[in-house]
Protein chains: 2
Amino acid sequence: MIDFSIKHVDESLEPMLQNKIDFKTKPTGSLGVLEIIAKQIGKVQNSLEPQLLNPHLIVFAADHGLAKEGVSAYPQEVTHQMVLNFLGGGAGISVFCKQNDIKLKVVDSGVNHDFGTIEGIIDKKVGNGTNSSLGDNAMTNDQMNQAIRNGANVVKENVGPDCNIIGFGEMGIGNTSSASLIMHYLTEIPLNQCIGKGTGLEDDQLAKKLRILENVVSHHGAIANPEAILKSVGGYEIAQMTGAFLQAASEGKIVMVDGFIATAAFAVAAAIQPQILDYAIFSHQSDESGHAAFLQYLKAKPILNLSLRLGEGTGCALAYPIVKSAVAFLNQMASFEEASVSNKAEA
Amino acid sequence: MIDFSIKHVDESLEPMLQNKIDFKTKPTGSLGVLEIIAKQIGKVQNSLEPQLLNPHLIVFAADHGLAKEGVSAYPQEVTHQMVLNFLGGGAGISVFCKQNDIKLKVVDSGVNHDFGTIEGIIDKKVGNGTNSSLGDNAMTNDQMNQAIRNGANVVKENVGPDCNIIGFGEMGIGNTSSASLIMHYLTEIPLNQCIGKGTGLEDDQLAKKLRILENVVSHHGAIANPEAILKSVGGYEIAQMTGAFLQAASEGKIVMVDGFIATAAFAVAAAIQPQILDYAIFSHQSDESGHAAFLQYLKAKPILNLSLRLGEGTGCALAYPIVKSAVAFLNQMASFEEASVSNKAEA
């Protein structure tokens, strides 16, 4: 296991940030969640004038051995097809990143497909998909460590110091199952409350998914260590996201957390280094059952709740303008004094 | 009363819009609220390729006679001071409109202040604030009609046909009281569930506000007609917003509804012409108590829920990028066929 050193943010700026916010020309507290985000970013950057620079969105893609047991509504080939769609600009995340001026990068973390030499893909393949966790570990210990390291290296090698905010997304047919298992092991919430319809299972298919995942849990028994959870039931894209989250936060960057699967990767990172929570902005609560409880476990308050369940980092890209607004009001709004506006009489 | 002619949108495009959405490279329904917005805008524009053009945000400002009874945490002079702050670029709405490329226009609907000749303000003053509805009608019948007409004219005269989406905001010390009274009369929800702390009343001040508003209701008795409600307990900025909503929708523009007070103005418009609901996008649920129930009364599903209670149209400006995303995915995402991605097997 590689070491990450994430520092708790310095809380000492909090009163000055609060003061700056409270003297903006608006009723006290009236920008709600934006005020919380503004304070958080101010503390991460240790600045009363924080800036968001060169935002990136990195999508990690990989295949899952468990997919062949029939846990998804879509065939496995969709993973590699969607990678090409990301690169071609036709996917949801491509459109939203373009709209909001976010740099999109796409990583082959372990797709079961040979992409050959395609421009734009970051090759961090650990294998051609994981093993099925139904009867085996999803990956070996070496593969798990390599995946975390590869994820960290994606950030080190592809995102410069001029970027201070990153969102992570994923693509991998079958990966809600992996995320549900991770959630179950980390939170100890019963498995049936950790699973959902993923990309669109029918009720009978969902019942089948639950039976399969119950069998996975029977096979592996209790697992408490976060790396062991990744090894047993994780995915290459999930483990790489975990490494990327840890690396980005260790560099002092804001990390944006997407939906259910990204939350699983983040939760593993937070189990390894809880300080990462200081750097995390939760972009949205997804429509996938279980995400609400998973966010609650992390004490996370997501920005959006739009019944999204697309993944790819789309929640991050959609929430990013709101994060920008939080920083914009902190920097650009006039104070009562600057604007010669009367403040509320002191109580 | 002037006539507005708002047509119900043509629903016949619905199946084709749904079809276009369902063949985008994403799980069926996975863009949640964005899919609903995309369909709505497609129907309003009767197009499978709708566009958002030249977005505007118009803030109506006016004073309230009721403010002198002590229903607000801020003194009345803040209304005109904030108007100057809007024009100077220092207010929340100024910052968010600039961020999201929205044209901001500011209207003096009836501020108790002589602005003289200041560049940028649209003069539609009906009077120097309304009468106190505690013992009098807020305005005469003529003033009410003039306010609605002035609001419509703001749209006619200041927003060209090249703009097809408008948000409306407001500023007026004391105007949550007016909005609460309008809500109570329209929805028949008990007054204590229609009032909240506005810009930041303490508990005892809130109790006082309730007593004052109860006295207003005792004085006026039952009122059912929407124009009569405006006349008795409305505000000039609220009545002008009502007129502006009706005019914008009659021109086929999308209208974005902001928080509690804007919802009151919109609800009056919807009581006059229910077809306006076809054109309305509800930007957010505010932190002002009563807004959730008011939205429910309108069967409205707001985009954001960020504990905002600033008004000014800030919810519209903050939600606008999400609305843009809805249109962007509809126009720019690839279909399964275009991207050579396998679709889910038919059930």
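Please keep in mind that the model is predicted.

I begin with the relation between the two copies.

Next, the extent of the contact. Chain B contributes 55 residues and chain A contributes 56 residues. As general background, interface size is often expressed as the accessible area lost when the parts come together. Here, chain B and chain A bury about 4400 Å² between them, and 62% of that lies on carbon and sulfur atoms. On the side of chain B, the residues that lose the most area to chain A are Tyr74(B), Leu306(B) and Lys344(B), which together account for 13% of what that side buries.

What kinds of interactions cross this interface? Between chain B and chain A there are zero salt bridges, while 20 residue pairs are in polar contact, both residues of each pair being at pLDDT 80 or more.

Which elements build the side of chain B that touches chain A? Those giving two or more residues are α2 (32-44), α3 (77-88), α4 (92-99), α12 (314-332) and α13 (336-339) of chain B. Of these, α12(B) gives the most, with eight residues. Sorted by class, this side of chain B comprises 28 nonpolar, 19 polar and eight charged residues.

I turn now to Gly92(A). This residue belongs to helix α4 of chain A, residues 92-99. Is Gly92(A) buried or exposed? Its relative accessible area is 0%, so Gly92(A) is buried. Setting aside neighbours within four places in sequence, Gly92(A) is in contact with Glu312(A) and Thr314(A), and also with Met333(B) from the other chain. By contrast, 20 Å separates the C-alpha atoms of Gly92(A) and Ile238(A), which are 146 residues apart along the chain.

The relative accessible area of His220(B) is 16%; because buried means under 20%, His220(B) counts as buried. Which residues does His220(B) touch, not counting those up to four places away in sequence? They are Ser133(B), Asp136(B), Asn137(B), Tyr185(B), Ser232(B) and Val233(B).

Note on methods:
Residues numbered from 1 in each chain as written. Chains lettered and ligands numbered in written order. Predicted model: local features only at pLDDT ≥ 70, side-chain atom pairs only at ≥ 80, totals over all residues. Heavy atoms only, no water. Contact = heavy atoms within 4.5 Å. Buried area = accessible area lost by both parts, 1.4 Å probe. Salt bridge = Lys/Arg side-chain N within 4 Å of Asp/Glu carboxyl O. Polar contact = N/O pair within 3.5 Å; in protein donor to acceptor, adjacent residues only side chain to side chain. Helix = DSSP H or I, 4+ residues; strand = E, 2+ residues; numbered from the N terminus. Nonpolar A, V, L, I, M, F, W, Y, C, P; charged D, E, K, R; others polar. Buried < 20%, exposed > 50% of the residue type's maximum accessible area, 1.4 Å probe, protein only.
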